[in-house]
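Subject: Structure handover

Hi,

Please load it before you read on.

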Amino acid sequence: MKTQTANDLDRRRDAPVVELRNVEKAFETTRSFLDRLLDDPSPAKAVCDVSISVRAGETVGLVGESGCGKSTLAKLVTGQLTPESGTVLLDGDPVAGYATRTDDQLRRIGVVFQNVSESFDSRWSVRRAIAESFDRERRSATADHVAELLERVNLDPVVGERYPSELSGGQLQRVGIARALAHDPDLVVLDEPVSGLDVATQATILDLLAALQRQSGVGYLFISHDLDVVRYLADRLAVMYAGEVVERGPAATVFERPSHPYTDALVRAVPSDDPADPSPEPLPGAPPDPSNRPPGCPFHPRCSHADERCERHQPGFERVGDARSRCHYAAAIAEESGANEPETTDRPQHVPRSNP
Ligand code: SF4
């Protein structure tokens with residue numbers, strides 16, 4: 001067996017729980033007759049050269065339109081998918097897919113799934129659904145552990161004897177969070193955790209997640225298409241477009257002074273709290289076909305700032321203050337967007353806070 005050196009231990013202690021370095025993932029697509037004739041496999045590039053990390057105790061928000069690669073990225077983190085190139089590291093150690101991870105590595109990451117009701121077996125009681133997530137040693141003592149977990153998510157332990165169909169959407173999401181916490185993870189991947197819930201229930205779930213993080217120091221990778229929801233919890237933000245992270249940085253900076261036109265458009269598309277304000281203009285056009293990405297900057301067909309340089313040359317990351325942006329004109333975009341936005345670091349007021 002390999003012996004751990006002091007350097008190994010130091011590296012692990014300082015490393016993020018999870019880190020993706022230059023990760024790429026593509027899927028085969030249905031090939032047209034012409035592609036087959038030309039033997040062009042036209043893979044759909046779901047994730048392109050993405051680097052992202054999450055430390056214990058912090059929340060990294062991952063935002064972007066549907067189909068931009070957020071859920072594929074989540075599956076690369078959990079090991080449900082393996083990358084074609086690039087590296088996934090857990091505590092600084094490179095790892096491959098789920099099947100090859102050790103029990104301890106599997107324990108480090110919990111998941112709250114999108115469409116939570118579909119993630120439960122309707123024939124299983126809540127107690128059984130949670131107990132199945134315990135590691136083998138603890139399965140024998142499940143009754144107390146399940147009750148303890150339900151109390152942590154502010155549910156009465158009697159809920160353990162109920163079935164998914166007997167619970168409200170908010171209760172079911174709490175059970176989903178309890179299940180993700182069952183093996184005491186250091187990171188939870190939250191994939192659209194409050195979509196489909198009413199605004200008041202969203203607020204109670206977000207408050208619960210914040211309280212659990214304060215108590216246990218768990219890290220969150222919080223994935224959502226809803227910027228308002230992400231803004232409520234995120235410490236850092238990564239914005240995805242067409243499989244790429246196009247902007248990343250501290251959440252307050254990215255929200256208040258976007259330096260990429262796509263981020264700026266997403267922020268502007270959030271409806272105002274004041275019902276008298278006009279509805280925001282939706283971003284025109286649609287994201288590119290992942291198997292037929294445009295040359296140059298992938299956002300250029302939708303970007304009002306695009307010029308010939310954008311059409312020809314793909315931008316690398318530009319540093320703008322403490323954020324990074326994949327735009328040739330990042331500094332000018334940040335200056336323009338910052339001039340239009342009020343300076344505030346407050347969380348949004350229209351998501352009602354409530355006791356968890
Ligand atoms: S590089 Fe050009 S097209 Fe791409 S986001 Fe920046 S200004 Fe727009």
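The model is predicted.

**The sheet.** Eight strands form an open sheet with mixed pairing. The order is E6-E7-E8-E3-E9-E10-E12-E11. E6 (109-112) and E11 (318-320) stand at the edges; each has a single partner strand, so one side of each is left without a neighbour in the sheet. On average, neighbouring strands of this sheet are turned by 20° against each other, direction ignored.

**Strand E3.** E3 covers residues 59-63 and pairs with E8 (residues 219-224) in the parallel sense, over five bridges. Within that pairing, Leu62 has Ile223 of E8 as its bridge partner. E3 also pairs with E9 (residues 236-241), again in the parallel sense, over four bridges. There, Val60 is partnered by Arg236 of E9.

Is E3 buried or exposed? Five of its five residues are buried. In a regular strand, side chains alternate between the two faces of the sheet. In E3, Thr59, Gly61 and Val63 lie on one side, Val60 and Leu62 on the other, and both faces are covered.

**Helix H7.** H7 (residues 169-181) lies across E6 and E7 (187-191). H7 runs at about 165° to E6.

**The ligand.** Which residues come nearest to the ligand? Of the 13 around it, they are Cys297, His300, Cys303, Cys310 and Cys327. By class, the shell has nine nonpolar and four polar residues. No charged residues are in the shell.

Best regards

Technical notes. Residues are numbered from 1 along each chain as its sequence is written. This is a predicted model: local features need pLDDT of at least 70, side-chain atom pairs count only at pLDDT 80 or more; totals for chains, interfaces and linings use all residues. A residue is near a molecule or strand if its C-beta atom, placed from the backbone, lies within 6 Å of it. Ala, Val, Leu, Ile, Met, Phe, Trp, Tyr, Cys and Pro count as nonpolar, Asp, Glu, Lys and Arg as charged, and the others, Gly among them, as polar. Two strands pair if DSSP finds at least two bridges between them. Helices (H or I, at least four residues) and strands (E, at least two) are DSSP runs, numbered from the N terminus. Axes are lines fitted to C-alpha atoms, for helices over the stretch in contact, and angles run from 0 to 180 degrees between N-to-C directions. Two residues are in contact if their C-beta atoms, placed from the backbone, lie within 7 Å. A residue is buried if 20 or more other C-beta atoms lie within 10 Å of its own, exposed if 12 or fewer, and partly exposed in between; C-beta atoms are placed from the backbone.
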